[in-house]
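Try each task yourself before you follow the solution.

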Amino acid sequence: MNPFTSLASPIEREEEMDAAELSPARYAKVLADLSRVNALTLARRPTLGFLDRVCARSGRAGGGGAGGSDAKPWRILDVGFGAGDMLARIARWGDARGVALDLAGVDLNPKSAPVAAARLGDRARLITGDYRDLAGQGWDIILSSLVAHHMSAGQRRDFLRFMDTECARGWLVNDLHRQRLPFAGFPLLARLAFADPIVRRDGQLSVGRSFRRAEWQAMLADALPDVASECRIFRSFPWRLCVERIR
């Protein structure tokens, strides 16, 4: 894709890794390479920071009753778990802070579950299907990473409403920031990381499909007009623009 493609509005184009005809082996390689690139770009940091803030709000951080036998595990849902790397990192976060976690992930692509299961073992329940089928299950926290820009406007509206309705403690959208530097530079970064060509192309397109602060403000005002002012939009170095609400 031309690095000087207009970014005045999100690019509307499907990504290659979403194609049904992509073989399971190639899909697994793409997920593995994407996970490695995400680690290089500190993609998990905003999610872990969000969990720290939820802990601080609840007064449950730093041991105390967090890991005790009477502590009720936090039920966390990761929507679009992909390779399972975010769930694995969250599991380590809980272990380090003595916070009991009941982890689950849902992903529409049936090729994701075997890849994530190999990484996670029994640390998380993995579900292939639609997140909407998981309503009413008492989630404490709902998370997503690099998912929102794959949705249509109506799907994002429904997703924001689902998260806000279904979680007791808070929710986070961890996504990219549509800016020229990451859009132009991502293919080079992915090439230096020896990532699959699909990762190089889709990663650049993901930046182009993502949003800016004013766009998120408008989406929040539309989807959650009564609580939009309680939602926080924040940047995370180097190329993330995230949205959270903590109760």
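**Exercise 1.** Describe how H1 and helix H4 (residues 112–120) pack.

Step 1: The two helices pack at an angle of about 50 degrees, and their axes lie 9 Å apart. Axes are lines fitted to C-alpha atoms, for helices over the stretch in contact, and angles run from 0 to 180 degrees between N-to-C directions.

Step 2: This angle makes H1 oblique to H4, since angles under 35 degrees count as roughly parallel, over 145 as roughly antiparallel, 65 to 115 as roughly perpendicular and the rest as oblique.

Step 3: H1 and H4 cross in a right-handed way; right-handed means that the near helix is turned clockwise from the far one, and left-handed anticlockwise, by less than a right angle.

Step 4: H1 brings Tyr-27, Ala-28, Leu-31 and Ser-35 to the contact, and H4 brings Ser-112, Val-115 and Arg-119 (contact means heavy atoms within 4.5 Å).

Step 5: Sorted by type, the residues of this contact are four nonpolar, two polar and one charged. Ala, Val, Leu, Ile, Met, Phe, Trp, Tyr, Cys and Pro count as nonpolar, Asp, Glu, Lys and Arg as charged, and the others, Gly among them, as polar.

A note before you go on: this is a predicted model, in which local features need pLDDT of at least 70 and side-chain atom pairs count only at pLDDT 80 or more, while totals for chains, interfaces and linings use all residues. Residues are numbered from 1 along each chain as its sequence is written, and side-chain values use heavy atoms, leaving out hydrogens and water.

**Exercise 2.** Is Ser-35 buried or exposed, and which residues does Ser-35 touch?

Step 1: Ser-35 is buried, because its relative accessible area is 6% (buried is under 20%, exposed over 50%, partly exposed in between, with a 1.4 Å probe and protein chains only).

Step 2: Leaving aside residues up to four places away in sequence, Ser-35 touches Arg-44, Asp-85 and Arg-119.

Step 3: The side chain of Ser-35 makes a polar contact of 3.2 Å with that of Arg-44 and one of 3.1 Å with that of Asp-85. A polar contact is a pair of N or O atoms within 3.5 Å; within protein, one must be able to donate a hydrogen and the other to accept it, and residues adjacent in sequence count only if both atoms are side-chain atoms.

Conventions:
Helices (H or I, at least four residues) and strands (E, at least two) are DSSP runs, numbered from the N terminus.
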